[in-house]
Amino acid sequence: MSSPKRAYVETYGCQMNISDGELMEGILEKAGYEIATSPEAADVILVNTCAIRDHAEQRVLGRVGQLKGLKDEKPDLLLGVTGCMAQRMGETLLERAPYVDLVMGPDGYRTLPAKLGALDRGEAPTRPPVSGKKRGPQLTVLNLDMGENYEGLEQRRTSDVAAWVPIQRGCDHRCTYCIVPYVRGDEKNRKPTEILSEIASIAGSGVTEVTLLGQTVNSYRYDGWDFPDLLRAVARVPGIRRVRYTSPHPNDFTEKLVEVMATEPAVCEQLHLPVQAGNNRTLKRMLRRYTVESFLEKIEMVRAAIPDISISTDVIVAFPGETEEEFEDTLDLMREVRFDDAFTYKYSPREGTPATRMPQEWFIPDEIGSERLQKLIEVSRGIQSEINAGEVGRTEELLIEKPGKHPGFVLGRTRRAKAVVVPGGPELIGSYRWAELTRTTGATFVGELVEVPVGTEVA
Ligand code: 5AD
Ligand code: SF4
């Protein structure tokens with residue numbers, strides 16, 4: 001019998017994509033592949049890509065070019081590009097990188113073993129030469145398939161500590177800057193029974209923290225279930241001690257959801273709520289469908305119910321038409337809300353999205369975009385450092401996640417999603433410990449392990 005083929009999956013981008021990478025590994029393992037730990041050791045390399053900003057795509061194109069070197073050494077090696085950029089570029093990618101054998105979008109993963117098998121047997125069309133060079137058989141799988149519900153597919157989970165569980169794929173919004181709906185299609189929600197039995201089995205394997213994933217995770221609906229119903233049920237799965245979710249849309253952030261967050265002990269005191277901009281005209285051009293005022297009301301509502309909640313956000317600067325004043329409004333919003341963390345981006349035009357069709361004179365020169373981004377980072381980091389400095393001295397529960405950068409230290413996370421480095425060895429990973437936060441570097445903390453405070457023991 002010949003030895004099994006080895007596959008290597010290299011993932012870029014968001015948590016949904018990382019989760020998809022695990023899904024591809026699960027599908028391939030089930031089909032008899034071994035999962036390789038380096039591209040050099042593999043017979044199949046899949047680069048699982050992101051399309052959210054141009055920068056992400058350029059990085060991947062560079063990486064795919066590098067991997068071509070391995071193909072030159074090993075002619076039978078199959079090189080595939082999967083994920084959002086694969087879906088976005090399709091055939092164009094096969095012309096830009098003619099040595100790529102397979103281009104597959106997110107709804108195609110179920111067919112991976114079959115398509116790789118076909119390529120192995122040479123059962124694929126040959127496209128015209130590029131720059132005079134002949135091409136081998138190449139396949140594309142680019143259907144956006146509303147019927148693909150991802151049922152029965154199992155992720156290969158590698159963390160014993162925390163698990164990411166997609167409950168929804170695609171997006172029904174059409175924010176004018178965003179490529180996601182075009183590469184991942186319309187919103188599709190998974191059955192609650194499937195999600196809950198998956199989480200029960202995750203808990204059975206000893207994992208105690210889950211993060212529910214979806215593009216607009218809180219718009220989840222299935223039969224009579226809405227997102228708060230699902231969140232409550234997940235929080236009550238025996239063995240699950242921490243539940244998080246990302247990313248919610250402000251419009252579906254309801255009182256009912258806040259109530260579940262406030263009353264279910266397993267739901268963490270943490271929220272990532274993308275605001276994108278702090279000016280109503282900008283929000284309108286972005287088609288976010290809420291106002292600064294209504295966003296602030298949501299923040300107030302959640303803080304009233306969970307005063308200590310830590311809140312993070314996403315912000316885009318230099319969106320077409322953003323004036324200096326509109327940008328200043330975003331800075332004001334940052335100062336008003338005082339987010340614990342902010343992921344900040346310079347607008348990147350994505351071909352095919354509505355924003356790219358806005359009047360040319362609205363587009364902001366790159367240098368101004370960079371300046372605004374710099375300013376925004378300064379403001380948000382300043383606020384973050386102040387908040388974190390105020391938290392030094394607290395004693396908090398940590399779930400120890402991984403080794404620290406320095407030997408003899410490990411990294412844990414508080415329920416409020418703050419990273420804390422504490423002394424300890426790898427045997428602590430996966431366990432809950434209490435720590436006093438003794439110092440902050442601005443974004444993260446250093447702590448000392450302490451005894452479990454009386455009254456907080458978990459049976
Ligand atoms: N340019 C810059 N940032 C973007 N994002 C989404 N699309 C773009 C784009 N075209 C940001 C949004 C989103 C996060 C995941 O990426 O802030 O919330
Ligand atoms: Fe993109 Fe808007 Fe959908 Fe988020 S809600 S994935 S930003 S279109």
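**A pocket and its neighbourhood**

Let's begin with the second largest pocket, whose lining residues split into six nonpolar, seven polar and 10 charged. Keep in mind as we go that you're looking at a predicted model. This pocket holds about 460 Å³ of space. It is lined by 23 residues, and the closest to its centre are Leu 153, Glu 154, Gln 155, Arg 157 and Glu 198. Two elements, α1 (15-30) and α7 (192-204), each give two or more residues to the lining. The largest share comes from α7, with five residues.

Now for a space of another kind. The structure holds one cavity of 30 Å³ or more, and the volume of the largest cavity is about 30 Å³. To find it, look for Pro 106, Asp 107, Tyr 150, Arg 169, Gly 170, Arg 184 and Lys 188, which line it. That lining divides into two nonpolar residues, one polar and four charged.

Next, the ligands. Ligand 1 is surrounded by Ile 52, Arg 53, Tyr 177, Gln 276, Asp 314, Ile 316, Tyr 345, Lys 346, Tyr 347, Ser 348 and Arg 350. A nitrogen atom of ligand 1 lies 3.0 Å from a backbone N or O atom of Tyr 177. A nitrogen atom of ligand 1 is also 2.8 Å from a polar backbone atom of Ser 348. With Asp 314 it's the side chain that matters: one of its polar atoms lies 2.6 Å from an oxygen atom of ligand 1.

Ligand 2 has its own set of residues around it: Cys 171, His 173, Cys 175, Tyr 177, Cys 178, Val 180, Pro 181, Gln 215, Thr 216, His 249 and Arg 288. Sort this shell by type and you get six nonpolar residues, four polar and one charged.

You'll find Gln 276 in the loop between β14 and α10 (280-285). Is Gln 276 buried or exposed? Its relative accessibility is 7%, and buried means under 20%, so Gln 276 counts as buried.

Arg 338 has a positive phi too, of about 55°, and it isn't a glycine either. This residue sits in the loop between α12 (324-337) and β16 (341-346). Its relative accessible area is 32%, and since that falls between the 20% and 50% cut-offs, Arg 338 is partly exposed.

While we're on backbone features, head over to Thr 246 and Ser 247. A cis peptide bond joins these two residues, with omega at about -10°. Ser 247 has its place in the loop between β13 (242-246) and α9.

At α9 (255-263), look at the loop that runs between this helix and β14 (270-272), and you'll find Glu 264 there. Glu 264 is buried, because its relative accessible area is 7%. What does the side chain of Glu 264 make a polar contact with? Its partner is the side chain of Arg 236, at 2.6 Å.

Our last stop is Tyr 432, in strand β20 (residues 432-440). With a relative accessible area of 14%, Tyr 432 is buried. Finally, compare sequence with space: Tyr 432 and Gly 412 are 20 residues apart along the sequence, and 8.7 Å apart from C-alpha to C-alpha.

Note on methods:
Residues are numbered from 1 along each chain as its sequence is written. Chains are lettered from A and ligands numbered from 1 in the order in which they are written. This is a predicted model: local features need pLDDT of at least 70, side-chain atom pairs count only at pLDDT 80 or more; totals for chains, interfaces and linings use all residues. Side-chain values use heavy atoms; hydrogens and water are left out. A residue is near a molecule or strand if one of its heavy atoms lies within 4 Å of it. Ala, Val, Leu, Ile, Met, Phe, Trp, Tyr, Cys and Pro count as nonpolar, Asp, Glu, Lys and Arg as charged, and the others, Gly among them, as polar. On a 1 Å grid over the protein atoms alone, a cavity is a set of points where a 1.4 Å probe fits but cannot get out, and a pocket is an open set with protein on both sides within 12 Å along at least five of seven lines; lining residues have an atom within 4 Å of a point. Grid points are joined across faces, edges and corners, and a volume is the space filled by probe spheres set on the points. Helices (H or I, at least four residues) and strands (E, at least two) are DSSP runs, numbered from the N terminus. Buried means under 20% relative accessible area, exposed over 50%, partly exposed in between (1.4 Å probe, protein chains only). A polar contact is a pair of N or O atoms within 3.5 Å; within protein, one must be able to donate a hydrogen and the other to accept it, and residues adjacent in sequence count only if both atoms are side-chain atoms.
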